[in-house]
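Try each task before reading its solution.

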Amino acid sequence: ASCCGQECSRAAVSMPAAALDSPVLGRGLVASVLCSLLLLTSVRAAVSASSLPPENPTTVILAVGAPGEAEYGSNFLRQAALWQKACSEAHVCNKSVGLDASGSTNDYDLLRQAIAAEPKEGAGQLWLVLIGHGTFDGKDAWFNLQGPDVSATELADWLRPFRRPLAVIDTTACSGPFLNKLSGTNRVIITATRSGNEQNYARFGQFLAEALTGPEADLDQDGQVSLLEAFLTASHHASEFYKAQGRLVSEHALLDDNGDGLGTPADWFRGLRATKKAKDGAALDGLLAQQFCLVPSPAESALTPDQASERDALERAVLLHRETKARLPADDYYRELEKLLLPLARFYASPGTNSVPAR
């Protein structure tokens with residue numbers, strides 16, 4: 001499979017060689033470089049189709065559960081179609097469970113086998129998307145399948161061996177407990193509800209599927225929609241739905257990507273950055289989800305998986321350091337910032353990456 005060929009661009013960043021080799025960067029230059037790298041200003045980058053790698057290493061496993069009433073079943077199929085469309089645009093491997101016309105009555109085994117067949121290591125992302133109904137028995141949450149249902153505890157066991165980047169998106173009612181069970185390092189977990197007690201049909205999943213390729217979801221205007229952007233856009237539309245209907249909000253989506261199993265709601269974000277502080281001082285989420293993108297721009301596709309991983313680690317270090325600004329003396333803050341920005345600038349100046357813009 002080849003990578004996405006849609007035309008878009010991202011802001012390119014460059015630094016003079018003398019500045020890169022300078023032992024000390026002034027605070028003004030450091031701030032300028034940081035803005036260039038992180039706020040997506042300046043020059044357009046064009047990437048030719050011939051520069052794209054031969055394959056996209058991302059895999060999406062799409063699981064559609066038991067429909068129940070026909071109204072819900074048709075909605076689940078619409079969501080699945082939107083996910084499949086996005087996978088087709090991105091030329092990623094898509095495995096589906098629950099859409100087989102053969103009338104399988106044991107999708108539990110099919111889902112378990114599809115997950116088990118996936119490589120456990122590597123730089124390629126694995127996305128697992130659950131569409132359907134969910135239940136909660138007071139102790140564990142369940143995803144309703146044709147045949148036996150799968151619990152959050154069982155799914156955690158199936159995913160325990162995985163070390164590759166992993167996104168699990170549970171769009172069902174009662175999905176909140178999946179977040180705590182599945183949370184871990186190098187994982188993005190999204191649930192449509194914040195607890196197992198939010199039992200009404202969740203509309204978040206439909207809005208999320210629509211946001212995957214919707215231009216209005218590209219909040220930072222970089223030519224692609226990250227998983228964080230899709231989460232924020234879908235959460236906003238879900239909230240607006242209940243407001244327009246004059247109904248009490250019965251679903252509150254959460255995102256966890258720092259491994260603490262707590263999750264952060266969309267209304268804690270200002271732009272793409274979580275700004276509201278937890279009472280207990282717990283770390284907020286969003287940095288990793290911003291680096292997951294199902295349909296990448298041509299510029300993003302030009303990076304190999306290893307290059308993307310290196311870039312993501314460098315950018316994440318800068319973003320994490322930004323959170324220390326209020327606690328550090330100014331000179332110490334900018335001194336450490338310089339140490340982080342120089343490797344990032346050298347990365348973009350290296351052959352094969354100097355036309356790839358920063359996020």
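**Exercise 1. Which hand does the crossing of α10 and α11 have, and how do the two helices run?**

Step 1. The crossing is left-handed; that is, the near helix is turned anticlockwise from the far one by less than a right angle.
Step 2. The axes of α10 (305-322) and α11 (330-349) come within 10 Å and cross at roughly 160°. Axes are lines fitted to C-alpha atoms over the stretch in contact, with angles from 0 to 180 degrees between N-to-C directions.
Step 3. Over 145 degrees counts as roughly antiparallel, so α10 is roughly antiparallel to α11.
Step 4. Contact means heavy atoms within 4.5 Å. Leu-314 and Val-318 of α10 are among the residues involved, as are Leu-337 and Phe-347 of α11.
Step 5. The contact residues divide into eleven nonpolar, two polar and five charged.

The model is predicted: local features need pLDDT of at least 70, side-chain atom pairs 80 or more, while totals for chains, interfaces and linings use all residues. Numbering starts from 1 along each chain as its sequence is written, and side-chain values use heavy atoms, without hydrogens and water.

Note on methods
Helix = DSSP H or I, 4+ residues; strand = E, 2+ residues; numbered from the N terminus. Parallel < 35°, antiparallel > 145°, perpendicular 65-115°, else oblique. Nonpolar A, V, L, I, M, F, W, Y, C, P; charged D, E, K, R; others polar.
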